[in-house]
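Work through the exercises below with the sequence and coordinates open. Each task is followed by a solution in steps.

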Amino acid sequence: MIEATWRVYDTPAAMSAAVAKHIARVITQALDARGEALLAMPGGKSPISIFTCLANLSIDWGQVTILPTDDRFVPAESPLSNYAEIASHFLPKGAQVVPIIVEGASDYRVAGQLANAQLADLKWPPDLVWLGVGKDGHIASIFPGPDLEDALGSPAARRALGLMPCPLPAEAPVARVTLTRPAILSARSILVTISGPEKHAIVERALHDGARSTTPIGRVLADAKVPIDIRWSET
């Protein structure tokens, strides 16, 4: 069983406020310890209310670097871009936001290679990797599909790779670039945010099954060296 701490909230608004304060504490501790902070944040619609709460807190954003945990293989100006959503909240605050999709890639595999090279320039490990969870149990863009084993079995030095979900998600039917399993597990802290009973059941089962899990989240987090901090909104 994977070690985890659950914190439960009655509403998404209550969770958003609490998670934003938690992330602010992580940043403050990193700044106090090292003078800088590195965070990996999820995309999609679910984190947006947390982004808004976090961006309104008093933080020395000039010393903070943020990257997406994953992104769709689309231009930065696309409405599907996770980078664009994160940047819209935190670039105006003075944070550095690093894209995981590098322009000029001919296909998603090359995009993964370019992302890996770009992330090599960052001071690793991240102070926080924050993950959402899909209904199929994917985290970041580590989806079920033909590239799953590459993401799970990447060498420790590889931080990113390109992959093709199968089946393609209807809301964003494109290839992805994602942090690898070793990159996620290298983080000083790991945060998971979920809402509703369905995802609670998925995560609970995955944590129980660990490496035997049939879902990406269970297999990714099976060898985590830090306790997983899970924040769950009941609605």
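**Exercise 1: a loop residue**

Ser 154 lies in the loop between α5 (148–152) and β7. The model is a predicted one.

Task: decide whether Ser 154 is buried or exposed, and state which residues Ser 154 touches, not counting residues up to four places away in sequence.

Solution. 
- Step 1. The relative accessible area of Ser 154 is 8%. A residue counts as buried under 20%, so Ser 154 is buried.
- Step 2. Leaving out residues up to four places away in sequence, Ser 154 touches Leu 161, Thr 180 and Pro 182.
- Step 3. Pro 182 is 28 residues from Ser 154 along the chain, and their C-alpha atoms are separated by 6.9 Å.

**Exercise 2: a three-stranded sheet**

Task: give the strand order of the open sheet of three strands, name its edge strands, and find the bridge partners in β8 of Arg 72 and Leu 163.

Solution. 
- Step 1. The order is β4-β8-β7, with antiparallel pairing.
- Step 2. β4 (70–72) and β7 (160–163) each pair on one side only, which makes them the edge strands.
- Step 3. On average, and ignoring direction, neighbouring strands of this sheet are turned by 15° against each other.
- Step 4. β4 and β8 (residues 176–179) run antiparallel and are joined by three bridges. Arg 72 has Arg 176 as its bridge partner in β8, while Asp 70 stands opposite Thr 178.
- Step 5. Four bridges pair β7 with β8, again in the antiparallel sense. The bridge partner of Leu 163 in β8 is Arg 176.
- Step 6. Helix α4 (residues 108–119) packs on the sheet and touches β7 and β8; the direction of α4 makes about 170° with that of β7.

**Exercise 3: two helix pairs**

Task: classify the packing of α2 against α3 and of α1 against α2.

Solution. 
- Step 1. Two packed helices are described by the angle between their axes and the distance between the axes.
- Step 2. For helix α2 (residues 48–55) and helix α3 (residues 82–90), the angle is about 25° and the axes are 9 Å apart. Angles under 35 degrees count as roughly parallel, so α2 and α3 are roughly parallel to each other.
- Step 3. The crossing of α2 past α3 is right-handed. On the α2 side the contact is made by Ile 48, Phe 51, Thr 52, Leu 54 and Ala 55, and on the α3 side by Glu 85, Ile 86, His 89 and Phe 90.
- Step 4. Helix α1 (residues 12–34) and α2 pack at about 55°, their axes being 8 Å apart. That angle makes α1 oblique to α2.
- Step 5. α1 also passes α2 in a right-handed crossing. Ser 16, Ala 17, Val 19, Ala 20, Ile 23 and Ala 24 of α1 meet Ser 49, Ile 50, Cys 53 and Leu 54 of α2.

Notes. Residues are numbered from 1 along each chain as its sequence is written. This is a predicted model: local features need pLDDT of at least 70, side-chain atom pairs count only at pLDDT 80 or more; totals for chains, interfaces and linings use all residues. Side-chain values use heavy atoms; hydrogens and water are left out. Two strands pair if DSSP finds at least two bridges between them. Axes are lines fitted to C-alpha atoms, for helices over the stretch in contact, and angles run from 0 to 180 degrees between N-to-C directions. Contact means heavy atoms within 4.5 Å. Angles under 35 degrees count as roughly parallel, over 145 as roughly antiparallel, 65 to 115 as roughly perpendicular and the rest as oblique. A crossing is left-handed if the near helix is turned anticlockwise from the far one by less than a right angle, and right-handed if clockwise. Buried means under 20% relative accessible area, exposed over 50%, partly exposed in between (1.4 Å probe, protein chains only).
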